[in-house]
Amino acid sequence: MFDKQQRKLKRSARLISVLSKYGFKDLLARMNGGNKDEIPANSDEVVSKGTVYERIRLVLEELGPTFVKLGQSFSNREDLLPPELLQELQKLQDKVETVEMNVEEILENEFSISVKDHFADIQKQPLATASIAQVYKAILTDGTEVILKIRKSDVQSVIEDDLLLIKDLEKLVSSYSEIGEKLNLKQAISTFEKSLLEEVSLINEKENILQFIRNFKNSKETYVPKVYEEFSNNNVLCMEFIDGIKVTDTATLLQYNIDPVNISETGLRLFVSQILDYGFFHADPHAGNILVKKDGKVVFIDFGAVGKIPPNDKEVLENLIVSFVAKNPHKIVRYLKKMAISYEIPDERRFENDVEDILNFVHSTSLKEINAQVIINKMKDVLKDNRLQMPDYFYLLFKGISLIEGVGRTINPDLDVVKSLHPYTKKIFTKKISPKNIVKTGMDRMLMFTDNVDEIPKELRSVLQKLDENKFTVSSEIKNIEKTNQLIKSSIINLILAMVLGANIIATAIVFSSESGPRIGELSLVAVLGFIFSIFLVIVILLRVTRK
């Protein structure tokens, strides 16, 4: 505990020194109760040139990798930060130095093995160095080439200390600035913390790879590198080395008779599949993280950062895409609100008009001329103007689509992004109208209705109790009583029809799974008739509702 506090004090002193150096003494004074005189003098020359946003970027770069990643994670949050600051944050680059590692000693300590019994060779110099880990190439005793990703020894403690400081800064900004509180920085920092701690865990990355292997085990278009679990833990990740071609190296692709145009379409299609088929997608699909094997299969690497879409949100996202293709701004607004964490829409009509403007732009532009980044920027502006705070995966989706489209257009300027969605929209439509989905939806609605009915006796008892105690008062003014009675009568009939529909769906589902009774081919005749009757009831209810 004492060591942790000592580390935090050391980092705090470093933070004060850097903030002072770049001319943020006013902020430091607030941290010190408003007294500038007690702020320790900085021996470095004070950097006062440049805008405040430029100096914020310089502060983040000097404070190190955690703060750089913080800036990078906020660099696409148009809903939170001003454009001038976003431009500076997008310039942030990791300044990472290689550290000395005794790889053999690390392996022996981590797995209690003799390295010579398992590895024929381990390269001394790393293939790559990042802020969290270094990557080495090695060869197993059976001749298999592998990659060893080894986490830096002090990375966990440094990140934990930095996160404590970041939280302190967030409290300071939120306490002394109405803007900080309005932007809900606490939620954004919490999301960043969760994402960073997942990224720093090599066990988490291993599980991500295994999940991708399960998802795409039968795919003929992609390959996921094998993981060697016996040499993997939270500090070391051992995986298959992929002797692949960088996806944007068109000259080498052509040498192996691989069509770059097909690769661009395949890569985009695979990314869409990750999102819509599995709700589990690569969150950083830039050119350096996509390779092409010599047999033409596309390989995604570096699974430290992934996006995860909850099942309920995945269904809403599907409905959102269907509404987009159907050019229905009203439903798009509805589903965006359903996905949002929170929203404070000042003008619903204007929100719908903004969405309709985007639809008009998309459908009036040649498909090959549509730039996904332009559409995403327009959508971000709409979300910001209408104060919708979307879940974290939503912004990862924006980032991923922009990156994968950028890679695709680098090797295929005529890449048709919308075309890649067509097979999935057809699949979604087919799924929506399938008997299985109708039965499932009907049963879900019936269960929801049953839950609501269960609550009615409790509410009724409460009303009766108030009546019995003479505490029940009614204050009402009813106009057009005849129309009101007619509406109540119509509503009761609709409710009865809905209950009959629910009961029929459940009965049809039971008969559908039964093998008894007359059959039409492989289907039960009674189940088919029940399904037709359900459709008839749905049409009747819809006609009754829309007529009113």
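Trainee: Which residue does the side chain of Glu229 meet in a salt bridge?

Mentor: Let's take the rule before the pair. A salt bridge here is a side-chain nitrogen of Lys or Arg within 4 Å of a carboxyl oxygen of Asp or Glu. With an N to O distance of 3.6 Å, the partner of Glu229 is Lys206.

Trainee: Why does that pair tie together parts that are apart in sequence?

Mentor: Glu229 lies in the loop between α11 (202–215) and β5 (236–240), while Lys206 is in helix α11, so the separation they bridge is 23 residues. Helices (H or I, at least four residues) and strands (E, at least two) are DSSP runs, numbered from the N terminus. This is a predicted model, where local features need pLDDT of at least 70, side-chain atom pairs count only at pLDDT 80 or more, and totals for chains, interfaces and linings use all residues. Residues are numbered from 1 along each chain as its sequence is written, and side-chain values use heavy atoms, with hydrogens and water left out.

Trainee: Is Lys206 buried or exposed?

Mentor: Buried means under 20% relative accessible area, exposed over 50%, and partly exposed in between (1.4 Å probe, protein chains only). Glu229 has 43% and is therefore partly exposed. Lys206 has a relative accessible area of 12%, so the word for Lys206 is buried.

Trainee: Where do Glu198 and Lys194 both lie?

Mentor: Their side chains form a salt bridge at 3.2 Å, N to O. Glu198 is partly exposed at 23%, and Lys194 is exposed at 54%. The two are four residues apart, about one turn, in helix α10 (residues 185–200).

Trainee: Which residue forms a salt bridge with Lys314?

Mentor: Lys314 is buried at 16% relative accessibility. The closest N and O atoms are 3.2 Å apart, and the partner is Glu318.

Trainee: What is the relative accessibility of Glu318?

Mentor: Glu318 counts as buried because its relative accessibility is 4%.

Trainee: How many salt bridges does the count come to?

Mentor: Some residues are linked in a network of salt bridges: Arg57, Glu61, Glu88 and Lys91. By the rule above, the count comes to 21.

Trainee: How many residues of helix α4 are buried?

Mentor: Helix α4 (residues 65–74) is mostly covered. Its buried residues include Thr66, Phe67 and Phe74. Out of ten residues in α4, the buried ones number seven.
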